[in-house]
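Please keep the sequence and the structure in view while reading.

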Amino acid sequence: LTHFQHPAPTQQQHSLHKHDVPRYGAKVQYKDDPDNSPALDAADTKHVQEVLGTLLYYARAIDPTMLPAIGTIATQQAKPTQQTMQA
């Protein structure tokens, strides 16, 4: 992460995905709203793809528990948005 100048987290994070809070008592658990945030420019798109490639190599070689989260981000790497950059 230091290679990409990512700041160290202030709190521990034990989950690779953002936690979706269950809605108890609801008859149907609906999916979150679609991503309507603005698209990234070419430089930020390349940055997302570089980070994803590095993490994919690490996940395949050392820690396969990261693969579901990487797969989720990989589905959006061709046309990433601001929300993809935050993930």
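## Confidence of the model

The term pLDDT stands for the predictor's confidence in each residue, on a scale from 0 to 100. The model shown here is a predicted one, and the mean pLDDT of the protein is 82, with 94% of its residues reaching 70 or more.

Confidence in the protein is highest in helix 1, which covers residues 42-61 and has a mean of 90, and lowest in helix 3, where the mean is 80. Where pLDDT is low, the predicted coordinates should not be read in detail.

## Helix 1 and its two sides

Helix 1 has 20 residues, which at 1.5 Å a residue should span 28 Å, and the distance of 29 Å between its end C-alpha atoms agrees with this expectation.

The buried residues of this helix are Thr45, Val48, Leu52 and Ala59. Because they cover an arc of only 60 degrees around the axis, they lie on the same side of helix 1. These buried residues pack against helix 2 (67-74) and helix 3, whereas Ala42, Ala43, Lys46, Tyr57 and Ala61, on the other side of helix 1, are exposed.

## Thr45 in helix 1

Thr45 belongs to helix 1 and has a relative accessible area of 13%, so it counts as buried, the cut-off being under 20%. Leaving aside neighbours within four places in sequence, Thr45 is in contact with Leu40, Gln77, Ala78 and Pro80.

A separate comparison concerns Thr45 and Ala8, which are 37 residues apart in sequence and lie 22 Å apart in space, taken from C-alpha to C-alpha.

## Thr84 in helix 3

Thr84 lies in helix 3, which is made up of residues 82-86, and this is the helix with the lowest confidence in the protein, at a mean of 80. With a relative accessible area of 5%, Thr84 is therefore buried.

When residues up to four places away in sequence are not counted, Thr84 touches Asp35, Val48, Ile73 and Gln76.

Key:
Residues numbered from 1 in each chain as written. Predicted model: local features only at pLDDT ≥ 70, side-chain atom pairs only at ≥ 80, totals over all residues. Heavy atoms only, no water. Helix = DSSP H or I, 4+ residues; strand = E, 2+ residues; numbered from the N terminus. Buried < 20%, exposed > 50% of the residue type's maximum accessible area, 1.4 Å probe, protein only. Contact = heavy atoms within 4.5 Å. Expected span 1.5 Å × (residues − 1). Arc of directions from axis to C-beta.
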